[in-house]
Amino acid sequence: MNTNNNIYTIIYTTVVVILVAAILAFTSMALKPKQEANVKAEAISQMLTAAQFAEKSELEALGNDKILSKYVESIDKALIVNGKGEIVDSLDKAKSQIYTESDLKAQNYLIKKGNADALRLPVFIFNKEGSKVTVIPCYGAGLWGPIWGYLAFNEDLTTFAGAYFDHASETPGLGAKIKDDPAFRAEFVGKTTDLSEDRIFNIVKGGAKEGQTNAIDAITGATMTSKGLDVAINLWLQAYKPYLESGVETIRQKAQAAAALAQQADSLAVSDSTIVAE
Amino acid sequence: MNAKLKETILNPIFKGNPITVLVLGICSALAVTVQLKGAFVMGLSVIIVTGLSSFVVSLMRNSIPNRVRIIVQLVVVSLMVIVVDQLLKAFSYSIEKQLSVYVGLIITNCIVMGRIEAFGLANKPIPSLLDGISNGAGYALILLIVAFFRELLGSGTLFGMRVIPESFYAAGYMNNGLVILPPMALILLGCIVWIQRSIQKDLQEK
């Protein structure tokens, strides 16, 4: 057969391409649920690591199902807030509905556009040993590709309980340390944010100043990644600022009310004792 | 087993190794050899892709129109690579993340197209399959050797397990940061080529 005539060539290539497309479509459809479960479990395990429930490798060893059940049992509230700090919606906890990297990317775009009303930012509040840990994400650009991660705060909403970061393609051994080096993540623990300042949190090249609580050291040899992470954290904290501020305000009011109540109780006790004395 | 088939299988592992002798597939060899686990999965993926695409192209070899044969080969190779990538995403997600773009880049790995052009198009399916597999294995072997040294010296681990005891670090031993970066992989690769050429004198140019 002459395999070189035009009609044969056209038919042949068409058939091959259609066949290949069919195989690919089938593979993609068959594997999609499993792949999505992986992506979800990965994101959840990153949040749980940020909130210091367990180390990332321990969670990975558990497998997807156990990660999901751990999430369901420890989550208290999964809210969606807008850029003004108002709660507009919530995520389905039982189905462990979360934001994946692509959702974060879309929000990052909206934050940059500065449209506070259109923002739909997730807030995850976990129950951990009797107290609440709030986890919020961040997203930005590293040196080679996107970087993103989760910041976990203690009950006061200003002190870091932990953090976890991931990246698409930072340099192994340098920029990749944001993910691979537990020492870098550990630096966050106990540090605070300063919502009153322009720069809420700092990653400082050459080392944070002694006594500065809203700063950590940048990674040596990874200037661009550190800078990118600094920008990402500040941008996202700025977007969450109204929510965090109102949270901090509520806590302050509660504390004030409790103090007033205690004072009242004190004065009552005093008057009681004076009566007894008489 | 006849001598020719044996030659087909053994030649690519050492005497005609795709990386050290044919110098193909260097790019990914530098990129994915930071850790043994990644190198292992990458090697396995390449073995599967080279083997299966050589096999499929060989099945089609008498019907492929000569003028579009490169495109048809590319379509077949891409199909294999994407299927492998999808499978990794579904069943070995953390490793897929680590390998990132390099699985997709197997499409451009010269070994695959090189073996199809040089062997698959002119031979029967079974020898082609074996040729593809053993070329992939030759590639995987070099990857594992390079990754062994890079992970040992760069991170002090093998397959993620710590082999250099903590007491060494306490005594002042430090992981070598240069070994983690691609230039050191190239230097290691150079050393392997050097060793091979000093054993196999016939590879040396006059």
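How many residues does the contact take from chain B and from chain A? It takes 22 from chain B and 23 from chain A. Two residues are in contact if their C-beta atoms, placed from the backbone, lie within 7 Å.

## Side of chain B that touches chain A

Three elements of chain B each give two or more residues to this side: α4 (69-91), α5 (93-99) and α10 (177-180). The largest share, 9 residues, comes from α4(B).

By class, the side of chain B that touches chain A has 13 nonpolar, 7 polar and 2 charged residues. Nonpolar covers Ala, Val, Leu, Ile, Met, Phe, Trp, Tyr, Cys and Pro; charged covers Asp, Glu, Lys and Arg; the others, Gly among them, are polar.

## Model and numbering

This is a predicted model: local features need pLDDT of at least 70, side-chain atom pairs count only at pLDDT 80 or more, and totals for chains, interfaces and linings use all residues. Residues are numbered from 1 along each chain as its sequence is written, while chains are lettered from A and ligands numbered from 1 in the order in which they are written.

## Fold of chain B

Chain B has 11 helices and 2 strands. These are DSSP runs, numbered from the N terminus: helices are H or I of at least four residues, strands E of at least two. The order from the N terminus is α-α-α-α-α-α-α-α-β-β-α-α-α.

## Dimensions and packing

The C-alpha trace of chain B spans about 65 × 50 × 30 Å along its principal axes. Buried residues (20 or more other C-beta atoms within 10 Å of their own, with C-beta atoms placed from the backbone) make up 41% of the 206 in chain B. Among contacts in chain B between residues at least 6 apart in sequence, 77% join residues at least 24 apart.

Definitions and conventions
Buried ≥ 20, exposed ≤ 12 C-beta atoms within 10 Å, placed from the backbone.
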